Amino acid sequence: QVQLVESGGGLVQPGGSLRLSCAASGFTISTYAMIWYRQAPGKERELVAAISSTGGITNYADSVKGRFTISKDNAKNRVYLQMNTLKPEDTAVYYCEAILRTTARDYDYWGQGTQVTVSS
């Protein structure tokens with residue numbers, strides 16, 4: 001069964017840190033690009049960070065550049081999002097997505113999300 005499970009969310013004070021983890025099962029992420037999104041109440045889903053299948057290319061939303069780091073451990077079949085210097089506006093549900101595009105078809109998997117709340 002193909003599954004992505006996010007973990008590591010929680011309540012943190014402004015300026016604090018969290019590390020989110022996304023564990024894949026039923027498939028191997030080594031050939032997949034992995035993306036972290038977030039969605040706050042009443043707002044559209046926002047791409048936060050993305051990493052290529054090899055881990056050699058990363059991209060970040062301007063709002064998190066310099067504070068968040070995405071990484072990929074193909075051996076553990078996990079992707080991570082290290083979030084530092086958190087701000088109240090980072091409060092959202094964070095989701096991970098795995099994407100593989102081939103000539104035959106696209107593979108696109110989503111996790112169920114993990115809540116991050118930044119508040120004093």
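Which residues does Met-34 touch, not counting residues up to four places away in sequence? Hi everyone, let's start there. This is a predicted model, and in it Met-34 touches Leu-4, Cys-22, Ile-29, Ala-49, Ala-50, Ile-51, Ile-70, Lys-72, Val-79, Glu-97 and Ala-98.

Met-34 also belongs to the largest nonpolar core, which has 31 residues. Along with Leu-4, Trp-36, Leu-81, Met-83 and Tyr-94, Met-34 is among those that touch the most other members. Several strands give two or more residues to this core, including E3 (18-25), E4 (33-39) and E8 (78-83). The largest share, 5 residues, comes from E9.

Now have a look at strand E3. Of its 8 residues, 6 are buried. E3 runs antiparallel to strand E1 (residues 3-7), and 5 bridges join the two; Ser-25 in E3 is the bridge partner of Gln-3. E3 also pairs with E8 in the antiparallel sense, over 6 bridges, with Arg-19 opposite Gln-82.

Last topic: charges. How many salt bridges does the structure hold? There are 5. One of them brings together the side chains of Arg-38 and Glu-46, at 2.8 Å from N to O. Arg-38 counts as buried, at 7% relative accessibility, while Glu-46 is partly exposed at 27%.

Another links Arg-67 with Asp-90, whose closest N and O atoms are 2.7 Å apart. Arg-67 sits in the loop between E6 and E7 and Asp-90 in the loop between E8 and E9, so this pair ties together parts 23 residues apart in sequence. Both ends are buried: Arg-67 has a relative accessible area of 9%, and Asp-90 is at 0%. Salt bridges that share partners join Arg-38, Glu-46, Arg-67 and Asp-90 into one network.

Key
Residues are numbered from 1 along each chain as its sequence is written. This is a predicted model: local features need pLDDT of at least 70, side-chain atom pairs count only at pLDDT 80 or more; totals for chains, interfaces and linings use all residues. Side-chain values use heavy atoms; hydrogens and water are left out. A nonpolar core is a set of buried Ala, Val, Leu, Ile, Met, Phe, Trp, Tyr and Cys residues joined through side-chain atoms within 4.5 Å. Buried means under 20% relative accessible area, exposed over 50%, partly exposed in between (1.4 Å probe, protein chains only). Helices (H or I, at least four residues) and strands (E, at least two) are DSSP runs, numbered from the N terminus. Contact means heavy atoms within 4.5 Å. Two strands pair if DSSP finds at least two bridges between them. A salt bridge is a side-chain nitrogen of Lys or Arg within 4 Å of a carboxyl oxygen of Asp or Glu.
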